[in-house]
Amino acid sequence: MPTESEQHLKELAELYCLGLADDGQVAEIESRLKQGDPDMAREVERLRPVSEALLALAATVTPPPQLRGKIAASLGIAQGTDDDHAALRRLPDSSSRPGRLRFPPAAWAAIAALLLLAVWGWWPRLIGGGHDPLSGYRVLAADPGTVSWSVGGSGEWAGKGNVGTFLWNAALQRGYLRVAGVDVNNPGREQFQGWLFDSSRDKHAVSGGVFDISASTPRDAAGNYIIEIRPDLRVTSLNTFAVTIERPGGVVVTDASRLVMAAKGGGL
Amino acid sequence: MMELYDRFSPRLYGLIIGLLHDHSSANDVLQEVMVSLWKSAAARYDPALGSAESWLLMLARSRAIDHLRSVARTKARTQRAGEQEVIQQLAAPRPTEGAALADLRRLLATLPGELQQPILLAYAHGMSREEIASQLNIPVGTVKTRISRGVDRLRDLVG
């Protein structure tokens, strides 16, 4: 005999599976799934074949041609052009779930030399600090030269799945990490450090800076943390972005033992 | 955003029109789905929720059902037709119905009759459990039980 709680969970999952859950129920289910609730995940996963089978019955019907223009207009998007909301373009499909990223040992070994060069000031920062990260993020997102990659939990966070997006603009030499559902750090004990891999540098990695994810980290309206990434060296052909956890202040040489996030052009 | 539209809109529109049977309403709902995605819904997506396409279809389905309920079309339609007539209509294929509903009937045809009706009324017509109970003249608890048993049987069939 199932408990009241188990029965509630089963009914919720059934409503979700049949697409009958109301907004509040959907919010509860999705929140529990994102938080890794094992009972909810198991029940939804058990019913997922039914849900998929029912959804697969939906016919394919091309909408009226004028609807595209109407929707584009309502969103303020010019027809035939792309938009500045790059994250939406990267909404992954079922085959693009992030996986665990494995870096070549040589790449990590090269970090020391490159960061030493950075310390000596080979490539001073192009833009001074102190501006609003959210404004900077919006500006970068709107720039046609900006690319967007899905960021997946990796290494210690391999179980987190997709955690957000990494925007990168090669001309501006600046990027932004937009993530949610990630752990905060204790700045007194450890900090996050971004790394950029430049294929034109023979797999050399460049530090993207040290940062915290905490209550004071800027967030966008949807609650995503917005973190600016500025390479210490010019990156001309970025192919991978990664985040590790390091000691406060960051490191010159990392052993990548605490890799937590990664993104790669073309997906991981 | 429009890339997203180009990629998914035929499936989304097919699902919505299958529920609403009205192009004008389907246009409104698809637009609502895209605006919702633009504003905030995309940020809600997480691979833990399943594939992006399935999640989008669920979102569209939810919006379409909201629309159905908001205009009370289901209730008005079933009240007009009379409960037995509606059940008969739902129980037998009609020449004008879409292939998707016919496929759903074929899938549900493998279930005992008492388990077919609640799922068909819920899935194809967006009825709430209370509406189904009223329609079939059975307690809400019985509807819940039948839906649960029906979903479990479907799970065994397609899982």
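Guide: This is a predicted model. Let us start where the two chains meet.

Visitor: How many residue pairs are in polar contact between chain A and chain B?
Guide: Both residues of a pair must have pLDDT 80 or more to be counted here. Between chain A and chain B, the number of residue pairs in polar contact is eleven.

Visitor: Which element gives the most residues to the side of chain A that touches chain B?
Guide: On this side of chain A, the elements that give two or more residues are α1 (4-17), α2 (23-34), α3 (38-56), α4 (65-74) and α5 (86-89). With eleven residues, the element that gives the most is α3(A).

Visitor: How many nonpolar residues does the side of chain A that touches chain B have?
Guide: Sorted by class, this side of chain A has nine polar and 18 charged residues. Its nonpolar residues number 31.

Visitor: What area is buried between chain A and chain B?
Guide: On the contact count, 58 residues of chain A meet 63 residues of chain B. Carbon and sulfur atoms give 63% of the buried area. The area buried between the two chains is about 5600 Å².

Visitor: How many salt bridges does the rule find across the interface of chain A and chain B?
Guide: Over all chains, a search of the whole structure finds 21 salt bridges. Across the interface of chain A and chain B, the rule finds five.

Visitor: Which residue of chain B forms a salt bridge with A:R46?
Guide: A:R46 belongs to a network of salt bridges that also links A:K10, A:E14 and A:E43. The network includes a residue of chain B as well. The closest N and O atoms of A:R46 and this partner are 3.0 Å apart, and the partner is B:D152.

Visitor: Why does the salt bridge of B:K144 and A:E11 join two chains?
Guide: The side chains of B:K144 and A:E11 meet at 3.9 Å, N to O. A:E11 lies in helix α1 of chain A and B:K144 in helix α9 (residues 140-158) of chain B, so the pair joins two chains.

Visitor: Is A:E11 buried or exposed?
Guide: The cut-off for buried is under 20% relative accessible area. A:E11 has a relative accessible area of 18%, whereas B:K144, at 27%, counts as partly exposed. Leaving out residues up to four places away in sequence, A:E11 touches B:R129 and B:K144. By the cut-off, A:E11 is buried.

Visitor: Which residues does B:R155 touch, not counting residues up to four places away in sequence?
Guide: B:R155 is placed in helix α9 of chain B. Its relative accessible area is 24%, and B:R155 is partly exposed. The residues that B:R155 touches are A:R46, A:L47, A:P49 and A:V50.

Visitor: How far apart are the closest N and O atoms of A:D39 and A:R42?
Guide: Both residues lie in helix α3 of chain A, three residues apart, about one turn of the helix. At 36% relative accessibility A:D39 is partly exposed, while A:R42, at 52%, is exposed. The pair forms a salt bridge, and the closest N and O atoms are 3.1 Å apart.

Visitor: Why do the buried residues of α8(A) line one face of the helix?
Guide: In helix α8 (residues 133-142) of chain A, the buried residues are A:L134, A:G136, A:Y137, A:L140 and A:A141. Seen down the axis of α8(A), they fall within an arc of 160 degrees, so they line one face.

Visitor: Which strands do the buried residues of α8(A) pack against?
Guide: The face turned away from the buried side of α8(A) carries the exposed residues A:R138 and A:V139. The buried residues pack against four elements of chain A, namely β1 (146-153), β2 (162-169), β3 (174-179) and β6 (225-229).

Visitor: What percentage of the residues of chain A count as buried?
Guide: Chain A has eight helices and eight strands. Of its 268 residues, the share that count as buried is 50%.

Note on methods
Residues are numbered from 1 along each chain as its sequence is written. Chains are lettered from A and ligands numbered from 1 in the order in which they are written. This is a predicted model: local features need pLDDT of at least 70, side-chain atom pairs count only at pLDDT 80 or more; totals for chains, interfaces and linings use all residues. Side-chain values use heavy atoms; hydrogens and water are left out. Contact means heavy atoms within 4.5 Å. Buried area is the accessible area (1.4 Å probe) that two parts lose on being put together, summed over both. A salt bridge is a side-chain nitrogen of Lys or Arg within 4 Å of a carboxyl oxygen of Asp or Glu. A polar contact is a pair of N or O atoms within 3.5 Å; within protein, one must be able to donate a hydrogen and the other to accept it, and residues adjacent in sequence count only if both atoms are side-chain atoms. Ala, Val, Leu, Ile, Met, Phe, Trp, Tyr, Cys and Pro count as nonpolar, Asp, Glu, Lys and Arg as charged, and the others, Gly among them, as polar. Buried means under 20% relative accessible area, exposed over 50%, partly exposed in between (1.4 Å probe, protein chains only). The arc is that of the directions from the helix axis to the C-beta atoms.
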